[in-house]
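Visitor: I'd like to learn how to read this structure. Could you walk me through it?

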Amino acid sequence: SNIESIGMNAFNECTGKLEIRCNIPVAQTKVNGAFVNSHFSSVEILDGVCQIGDYSFYECNKLDTLIIPSTITKFGNLAFYGCSGELNINCDIPDVANANCGVFQGAVFSKIITGDQMSYIGDFAFCGIDKSIDIVISQNVEAIGKYAFQGCRGKLYIDSKFVEVDYFYIDDTYQKCNNFWIQESYFTDIT
């Protein structure tokens with residue numbers, strides 16, 4: 001089922017756990033995001049939901065856990081700006097044309113885990129996450145887009161086979177990374 005709109009700040013400062021069973025409408029401005037400034041500790045978007053609108057979880061910085069199912073096919077701009085906690089994402093992330101409007105631009109996740117249903121991480125997908133994070137990439141990821149982790153730092157755990165090959169920065173040194181494209185990233189450890 002679909003909801004056509006959610007009122008401005010409808011869930012402002014709400015707490016607890018949230019399960020989402022419907023598509024989240026696209027907001028026109030940051031303040032109209034569906035869950036802007038909510039204080040939920042856990043958000044689980046259930047299977048069957050296919051769209052997350054612009055600014056949906058803007059500044060939801062009290063999250064411990066955010067779970068995104070494999071059925072999501074469309075992400076809005078800056079949908080998770082300022083979000084915290086651990087992100088478990090099970091769907092492909094499409095390419096983003098503009099690095100300044102990436103889905104996860106400005107997020108402050110402590111950890112990102114890709115699920116077994118994910119096979120593609122698009123261009124600029126996690127670009128602009130300006131916090132030291134751990135990223136765990138599943139064995140089913142087959143391709144990673146250009147600059148997918150631009151500016152990221154922390155630890156990257158790879159249990160996967162990739163088709164792209166390029167370079168990455170580690171400890172301020174430009175080095176070759178076989179079968180993986182994380183150009184302009186600043187990870188301290190890759191295993």
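Visitor: What counts as a strand, and how many strands does the protein have?

Guide: Strands (E, at least two residues) and helices (H or I, at least four) are DSSP runs, numbered from the N terminus. The protein has 14 strands and zero helices. Read from the N terminus, the elements go β-β-β-β-β-β-β-β-β-β-β-β-β-β.

Visitor: In which sense do β1 and β2 pair?

Guide: Two strands pair if DSSP finds at least two bridges between them. Strand β1 (residues 15-20) pairs with strand β2 (residues 39-45) in the parallel sense, over six bridges. Within that pairing, Lys 17 sits opposite Ser 42 in β2. Then β2 pairs with strand β4 (residues 65-68), in the parallel sense over three bridges.

Visitor: How many bridges join β4 to β6?

Guide: Four, and these strands run parallel. One spot to look for: Ile 68 has Ile 89 in β6 as its bridge partner.

Visitor: Is Asn 88 buried or exposed?

Guide: Here's the rule: buried means under 20% relative accessible area, exposed over 50%, and partly exposed in between (1.4 Å probe, protein chains only). Asn 88 has a relative accessible area of 18%, so this residue is buried. Asn 88 lies in strand β6 (residues 84-89), and β6 is mostly covered, with five of its six residues buried. Over the protein's 191 residues, 48% count as buried.

Visitor: Which residues does Asn 88 touch?

Guide: A contact means heavy atoms within 4.5 Å. Leaving aside residues up to four places away in sequence, Asn 88 touches Thr 65, Leu 66, Ile 67, Ile 68 and Ile 113. For the protein as a whole, take the contacts with a separation of 6 or more: 43% of them are between residues 24 or more positions apart.

Visitor: Let's turn to the rings. How many aromatic pairs are there?

Guide: Rings of Phe, Tyr and Trp (its six-membered ring) pair if their centres lie within 6.5 Å; planes under 30 degrees apart count as stacked, over 60 as edge-to-face and the rest as tilted. By this rule there are 12 aromatic pairs. Take Phe 11 and Phe 35: their ring centres are 4.9 Å apart and their planes are at 40°, so the pair is tilted. This pair links distant parts of the chain, with Phe 11 in the segment before β1 and Phe 35 in the loop between β1 and β2, 24 residues apart. Phe 11 is partly exposed at 28% relative accessible area, while Phe 35 is buried at 4% relative accessibility.

Visitor: Why is the pair of Phe 35 and Phe 57 called stacked?

Guide: Because the planes of Phe 35 and Phe 57 are at 15°, with the ring centres 5.1 Å apart. This pair too links distant parts of the chain: Phe 57 is in the loop between β3 (51-52) and β4, 22 residues from Phe 35. Phe 57 is buried, with a relative accessible area of 1%. Ring pairs join a cluster whose members include Phe 11, Phe 35, Phe 57 and Phe 109.

Visitor: How many disulfides does a search of the whole structure find?

Guide: A disulfide is a covalent bond between the sulfur atoms of two cysteines. The cut-off is a pair of cysteine sulfur atoms within 2.5 Å. The search finds zero disulfides. For Cys 60, the nearest cysteine sulfur is that of Cys 83, 5.0 Å away, which is too far for a bond. Cys 60 is buried at 2% relative accessibility, and Cys 83 is buried at 0%.

Visitor: Where does pLDDT stay under 50?

Guide: pLDDT is the predictor's confidence in each residue, from 0 to 100. The stretch to note is residues 160-186, where pLDDT stays under 50 and the model has 83 contacts beyond four places in sequence. Where pLDDT is low, the predicted coordinates should not be read in detail. The protein averages a pLDDT of 76, and 75% of the residues score at least 70.

Note on methods: Residues are numbered from 1 along each chain as its sequence is written. This is a predicted model: local features need pLDDT of at least 70, side-chain atom pairs count only at pLDDT 80 or more; totals for chains, interfaces and linings use all residues. Side-chain values use heavy atoms; hydrogens and water are left out.
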